[in-house]
Amino acid sequence: MRAAILFVVILVSLAGLPSRVRAAAEPDVELELTAAPDEVAVFKGKKTPVWRYTGKVVKGRKESLIPGDSYLGPTMHLIRGERVRIHFVNNLPEASIIHWHGLIVPHAADGLPSMAIKPKERKTYDFTVVNPAGTYPYHPHPHMRTATQVYRGLAGVIIIHDPAEDKIGLPNGKQDLCVVIQDRRVDADNKFVYSEAMMDMVSGMRGDTILVNGRPDASFPIERRPHRVRLFNASNSRIYKLAWSDGSPMHVIGTDGGLLAGDEGPQKRPFVVLGPFERVELWEDFSTRKPGADLSLISEKFAMNAGMGGRGRGPGMGMMMNMGGEKLRIARMEIQEGEAKPGVLPKLPGTKPKLAEAKREVTTTLAFRMMRGFLNGREYKDDDLLDAEKLKLNEPVIWAFDNGSEMGMQLPHPMHIHGVQFRVIERKGNGAGELAKGVIDDGWKDTVLVFPGETVKVHLRPTERGLFIYHCHILEHEDMGMMRHFSVADK
Ligand code: C2O
Ligand code: CU
Ligand code: CU
């Protein structure tokens, strides 16, 4: 009886609170994520020492957290509109902080490098899920330690669901695959090897062993019917040119921030280019493949030369390096016995949003030289707010990333902005070369590859006030300073 009265009192008092306060007061889902060293059987033989996230549901839907079977963190399944509270426990031997990549959350819940907590400390995040249904990463973000922490295994996936999306009739359940792609260097003792050699830092750390969902030689049993395939590049620096080994086209239905609109997708592409922490979703009908067919998701070989250049010098002066990729098998698709159940390519709802006219344009020049990364000529510091790009709440703005006018190494930079989803409105310079046919500039994006010599313009409208950051998502570049604050203030 007393409990019932108390409950009514709480309900009545919650109704009068503004939504932000209410979110903090009464979450629908409450989770705990702990980062800690561990050992996992990734390969045959010796276990691999890793750092990993484990988690538990404190309150709410039990299916909101599904543990992985390797070193990757549990997959979070959140529903649009849900109020979420997450407690982060740092049991690492160094400072860390979790960031929800692509999620539009209040400044206090974003997990900025300046918010990193010490070993044994806890931090609580409160936010409401406002993003569309889609595939989003979470990962650590302490300054100068992000690259090594992710490399040791700290990363995971957030899948946002939306009852409105369920109506489209996309494949679900066992026909909804999430493919998290990473590369590692592995030694004879099955340890992940992180190199700090100059070349590895300039290109970003790459490895020759491909892991999918934390597993080598990955394979998926595939029924002969349509599947939704979520591709997520969780590698420190490698760019992939993803294709089907039998040469059939890919059918793109979504990007970083959810599904494409009906007038921009599905899109047929010969291959799909994915930079670090970008995502693409496919709809693929496997009913036409024969049981036992030899089919794999591969990354095709491609060339991309990087070298010293800029300000008209062109590449070729001084150090030259290969930023391209070799042919790699990502995962086998094991077509199962059984009746073929063909499907029809889904119609995606809605039309491309009309972008409000932006009265302001900000420009960021990208540069990497002498093992340091620069945005507008400055390197990141937790407390450097000087000249931070100043945006206005709800005011549309065009942000240009200029990767052609500074001196330095000519490198591709996947540029990521916190706190927003943006639209790519212009790409100039054709630095993608042979990759161009697979670069998806449609849909909502939070990370965009800016190839050498290019200027890419994006359109955005920030809806959260306060301090955020933007940075190159090659984690080594980010750690070497290629990151900056920006602020969002009331008009
Ligand atoms: Cu994927 Cu600043 O983050
Ligand atoms: Cu982010
Ligand atoms: Cu970069």
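## Exercises on a predicted model

**Exercise 1.** Is Phe277 buried or exposed?

*Solution.* Phe277 has a relative accessibility of 0%, so Phe277 counts as buried. The cut-offs are under 20% relative accessible area for buried, over 50% for exposed and partly exposed in between, with a 1.4 Å probe and protein chains only. Phe277 sits in the loop between strand S20 (272–274) and strand S21 (279–285). Its phi is positive, about 70°, although Phe277 is not a glycine.

The model is predicted: local features need pLDDT of at least 70, side-chain atom pairs count only at pLDDT 80 or more, and totals for chains, interfaces and linings use all residues. Residues are numbered from 1 along each chain as its sequence is written, chains are lettered from A and ligands numbered from 1 in the order in which they are written, and side-chain values use heavy atoms, with hydrogens and water left out.

**Exercise 2.** Where is Asp217 found, and is Asp217 buried or exposed?

*Solution.* Asp217 is in the loop between strand S13 (215–216) and strand S14 (219–222). Helices (H or I, at least four residues) and strands (E, at least two) are DSSP runs, numbered from the N terminus. Asp217 is not a glycine, yet has a positive phi of about 45°. With 78% relative accessibility, Asp217 counts as exposed.

**Exercise 3.** Which residues coordinate the copper ion (ligand 2)?

*Solution.* His99 (NE2) and His416 (NE2) coordinate this ion, at 1.9 Å. Strand S6 (residues 98–100) holds His99 and strand S31 (residues 413–417) holds His416, so the pair ties together parts that are 317 residues apart in sequence. Donors are N, O and S atoms within 2.8 Å of the metal (3.2 Å for Na, K and Ca); water is not among the atoms, so sites may look incomplete. His99 is buried, at 1% relative accessible area; His416 is buried with a relative accessibility of 1%.

**Exercise 4.** Which residues does a cis peptide bond join?

*Solution.* The bond joins Gly265 and Pro266, with omega about -5°. Pro266 lies in the loop between strand S18 (258–259) and strand S19 (267–269).
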